[in-house]
Amino acid sequence: MPELVEMLENSSRNHSHLCPKQILGVRIGLAGTTAVGLEPQPAGKRLVVILECYGCFADGVIAATGCCVGHRNLRVEDYGKVAATFVNVETRQAVRVTPKLDVRERALKWASEEPRHYFAQMQAYQIMPDEELLNFRQVELKPTIDEILSRPGLRVNCDICGEEITNEREIIRDGQVLCKACAGRSYYRPVIVSASGTIADVVKPEAEGSTD
């Protein structure tokens, strides 16, 4: 499988090594793209991939699909799972792909001459048929793919912090336009650090103008 070998080389280049999760990522990337009726590369913006973890697995999927955050066709919903959902933007078909629950045990049977489990997985994941390696499930996205992708050029300013919000990510509450942070859905909180290095108080961000 020359295509698989090349993609594994591309994935390992970012790590200076190859590991079982990268191989799973490439296999899932290839199988998931095919499952929604697209060619693995170049699927372009017809394909959106939603990953459920970071790390080596993600690099394998990226190597197989060519999807990236810059093209807005790669997202991460961090569930800590080796899993990915593939969406055909044109047909709206969505398929979630995961390894078989006992994939490590299955790998030992496909590389029975390799006593070291890690290297048995390395070998087996490259040759196991999709039906032996992976699970496929049709899924329905929430939010929809249209809501995920939004439309280019849409922008508003938050009524509290004044920062610009793009891609319809604003929240309307009591007639106000709010960013997720000001609506209480932030992953961070601004703080004031005292001279002694302790947190003195929590503050709201000051309104700033748009920075195109």
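How exposed is Arg96, in terms of relative accessibility? Arg96 is partly exposed, at 24% relative accessibility; the class lies between buried (under 20% relative accessible area) and exposed (over 50%), with a 1.4 Å probe and protein chains only.

## Basis of the model

This is a predicted model, in which local features need pLDDT of at least 70 and side-chain atom pairs count only at pLDDT 80 or more, while totals for chains, interfaces and linings use all residues. Residues are numbered from 1 along each chain as its sequence is written, and side-chain values use heavy atoms, with hydrogens and water left out.

## Salt bridges

A salt bridge is a side-chain nitrogen of Lys or Arg within 4 Å of a carboxyl oxygen of Asp or Glu. The count by this rule is nine salt bridges.

One of them joins Arg96 to Glu52, with the closest N and O atoms 2.7 Å apart. Arg96 belongs to strand 4 (residues 94–99) and Glu52 to the loop between strand 1 (47–51) and helix 3 (56–65), so the pair ties together parts that are 44 residues apart in sequence. Helices (H or I, at least four residues) and strands (E, at least two) are DSSP runs, numbered from the N terminus. Glu52 is buried, its relative accessible area being 7%.

## A second pair and a network

Asp146 and Arg92 also form a salt bridge, their closest N and O atoms being 2.5 Å apart. Asp146 lies in helix 7 (residues 145–149) and Arg92 in the loop between strand 3 (84–88) and strand 4, so this pair ties together parts 54 residues apart in sequence.

Arg106 meets Asp102 in a salt bridge of 2.7 Å, N to O. Salt bridges with shared partners join Asp102, Arg106 and Glu132 into one network.
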